[in-house]
Amino acid sequence: MSRTRGASSPGRSPLDFYETPPEAIEALLDHVPLVGPFLDVGCGTGAIMGVMAKRGIEAYGIELDEGRAAVAMGRGVGRIYVDDFLGANPLVVPMVNSAGGNPPFRHATKMIEAAVRIVPRGGMVPMLLRQ
């Protein structure tokens, strides 16, 4: 059984995870000239990173749940950091040109704001959000 860091934190639900369909990322990349390296915030099992790897885009991931991070690591899609992106030490987060992902909806605003802070001017922060 995997440990979930932060699952007892207010507002955190261990079930707040929906793997991103590869076709959603393919469609995004067909229309958005994304430049790597890319940080997938809340990378889950690495679905987004897998598509990035197929496109030749260098990607890193940061994931709170150790079990999901282990699955992503097993996919061999890039370097995975097991940490809470919203509370991560800036030294843990790699230098990237873009950051995004499919964040838990209840944390989307905070994750977008945090991603904007680490991406340099001119970089991109693409996020897939439910309506």
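Which residues of β1 are buried on one side, and which on the other? In this predicted model, Phe38 and Asp40 are buried on one side of β1 and Leu39 and Val41 on the other, so that both faces of the strand are covered, where buried means under 20% relative accessible area, exposed over 50%, and partly exposed in between (1.4 Å probe, protein chains only). In a regular strand the side chains alternate between the two faces of the sheet.

Residues are numbered from 1 along each chain as its sequence is written. Because the model is predicted, local features need pLDDT of at least 70 and side-chain atom pairs count only at pLDDT 80 or more, while totals for chains, interfaces and linings use all residues; side-chain values use heavy atoms, with hydrogens and water left out.

The sheet to which β1 belongs is open and is formed by 4 strands in the order β3-β2-β1-β4, with parallel pairing; strands (E, at least two residues) and helices (H or I, at least four) are DSSP runs numbered from the N terminus, and two strands pair if DSSP finds at least two bridges between them. The edge strands are β3 and β4, each of which pairs on one side only. From one strand to the next the twist averages 20°, taken between axes that are lines fitted to C-alpha atoms (for helices over the stretch in contact), with angles running from 0 to 180 degrees between N-to-C directions.

Strand β1 (residues 38–41) pairs with β4 in the parallel sense over 3 bridges. Within β4, Ser98 is the bridge partner of Phe38, and Ala99 is that of Leu39. Ser98 itself, in strand β4 (residues 98–100), is buried with a relative accessible area of 0%, and, leaving aside residues up to four places away in sequence, Ser98 touches Leu34, Val35, Pro37, Phe38, Leu39, Val119 and Met124, a contact being heavy atoms within 4.5 Å.

Strands β1 and β2 also pair in the parallel sense, over 4 bridges, and Phe38 stands opposite Ala59 in β2. The chain passes from β1 through helix α2 (residues 47–54) to β2 in a right-handed β-α-β crossover; a crossover is right-handed if, with the strands pointing away from the viewer, the path from the first strand over the helix to the second runs clockwise.

Between β2 and β3 the parallel pairing extends over 4 bridges, and Arg79 in β3 is the bridge partner of Tyr60. Here the chain crosses from β2 through helix α3 (residues 66–75) to β3, and this β-α-β crossover is right-handed.

The structure holds 1 aromatic pair. The rings of Tyr60 and Tyr81 have centres 6.5 Å apart and planes at 45°, so the pair is tilted: rings of Phe, Tyr and Trp (its six-membered ring) pair if their centres lie within 6.5 Å, and planes under 30 degrees apart count as stacked, over 60 as edge-to-face and the rest as tilted. This pair links distant parts of the chain, with Tyr60 in strand β2 (residues 59–63) and Tyr81 in strand β3 (residues 79–82), 21 residues apart. Both Tyr60 and Tyr81 are buried.

As for confidence, the mean pLDDT of the protein is 84, and 84% of its residues reach 70 or more, pLDDT being the predictor's confidence in each residue, from 0 to 100. Among the elements, β1 has the highest mean pLDDT (95) and helix α1 (residues 22–31) the lowest (90).
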